[in-house]
Amino acid sequence: MSYFTAAWLGGRLIGIALERAGPNQRRVPRLLQELVSAALFLAAAIATIILVFGQSVSGALAGSGLVLAILGFAIRNALADVLSGIALGLEAPYRIGDWVEIDTSIRGRIVEIGWRTTRLLTRDETYTILPNSQIARQRLTNYSAPRQRYRSKVQIVLDHDVPVDEAKKLLAEASAGPSVILPSPAPDVRVVSYDGDGIRYAVRFWVPSFAEEIDCRDAVFSAIDVAVRSSGLRPPGTRLRLL
């Protein structure tokens, strides 16, 4: 019993020390504290077995090492997820509430970070559960860090007959109209390429958050469509395209 008491006390002291590691540092994940406590209790259990059954230290360590090797092989995938979860917790590439994109195919808001898995809620209100080891191997984009706002863009192709200066002015004024996008910094327009079917422009604007990006894109495209038609350009000669 004394071994387990010492393990509990040691876990509490280490947890307090980690929480007070420094005000300017990131908060130590709870997962790491729980893992330290589990390791201490495992050591206490081994010490208790040695004491009760009277085994030699070397024999007990050899036996426990064999058991741990077999157990580790059996749960290697789960162990990889747990270790990846610890690494993600230490680096903290995302937090609860952040909007992230994983490997350009999965987008959602982080709702739970566990020992083995991370849970996301997509914009379509679907629940996605990913193993931490899979997240650690993929490219991750956090749309909520370091700030929620970020710059998005859409592309539009206008006919060669429209002068570049006139086209850039028209697109910039149109994209600045919708109230859903951020007024500052103001939208701007850049020439992307000079293609056979027309001149391709990138209209860049700032959105308040990832959750509002679709509405911002819709508003910008709608405003550009109105401006292009009002300017007298032929709609068949104008091609809108999402990135």
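Here is a walk through this structure, from the whole chain down to a few single residues. Keep in mind that the model is predicted.

Let's start with the big picture. The chain holds 7 helices and 9 strands. Of its 243 residues, 35% are buried. If you look at contacts between residues with a separation of 6 or more, 63% of them link residues 24 or more positions apart. The chain exposes about 14800 Å², and carbon and sulfur atoms supply 58% of that area.

Strand 1 (residues 99–102) and strand 2 (residues 106–113) run antiparallel and are joined by 4 bridges. As an example, glutamate 101 has arginine 107 in strand 2 as its bridge partner. Further along, strand 3 (residues 117–121) pairs with strand 4 over 5 bridges, again in the antiparallel sense. Here threonine 117 stands opposite proline 131 in strand 4. Strand 3 and strand 4 form a hairpin with 5 residues between the strands, and in this hairpin glutamate 125 takes a positive phi near 65°.

Stay with strand 4 for a moment, and think about its two faces. In a regular strand, side chains alternate between the two faces of the sheet. Strand 4 (residues 127–131) has a covered face with Thr128 and Leu130, while Tyr127, Ile129 and Pro131 are on the uncovered face.

Next, move along to another hairpin. Strand 7 and strand 8 form it, with 2 residues between them. Strand 7 (residues 188–195) and strand 8 (residues 198–207) pair in the antiparallel sense over 7 bridges. Aspartate 188 has its place in strand 7, and it stands opposite arginine 204 in strand 8. Is aspartate 188 buried or exposed? Its relative accessibility is 19%, so aspartate 188 counts as buried, because the cut-off for buried is under 20%. Leaving out residues up to four places away in sequence, aspartate 188 touches Arg151, Ala202, Val203 and Arg204.

Finally, let's turn to the helices. Two packed helices are described by the angle between their axes and the distance between the axes. Helix 6 (residues 164–175) and helix 7 pack at an angle of about 130°, with their axes 8 Å apart. That angle makes helix 6 oblique to helix 7. Their crossing is right-handed. Where they meet, Leu170, Leu171, Ala174 and Ser175 come from helix 6, and Val220, Ala223, Ile224, Ala227 and Val228 come from helix 7.

One residue in that list deserves a visit of its own. Valine 220 sits in helix 7 (residues 213–230). With a relative accessibility of 0%, valine 220 counts as buried. What does valine 220 touch, not counting residues up to four places away in sequence? The answer is Val154, Ser175, Pro178, Ile181, Val203 and Phe205. Valine 220 and lysine 153 are 67 residues apart in sequence, yet 9.5 Å apart in space, C-alpha to C-alpha.

Technical notes: Residues numbered from 1 in each chain as written. Predicted model: local features only at pLDDT ≥ 70, side-chain atom pairs only at ≥ 80, totals over all residues. Heavy atoms only, no water. Pairing = 2+ DSSP bridges. Buried < 20%, exposed > 50% of the residue type's maximum accessible area, 1.4 Å probe, protein only. Contact = heavy atoms within 4.5 Å. Areas by Shrake-Rupley, 256 points an atom, 1.4 Å probe, with all protein chains shown as cover. Axes fitted to C-alpha atoms, helices over the stretch in contact; angles between N-to-C directions. Parallel < 35°, antiparallel > 145°, perpendicular 65-115°, else oblique. Left-handed = near helix turned anticlockwise from the far one by under 90°.
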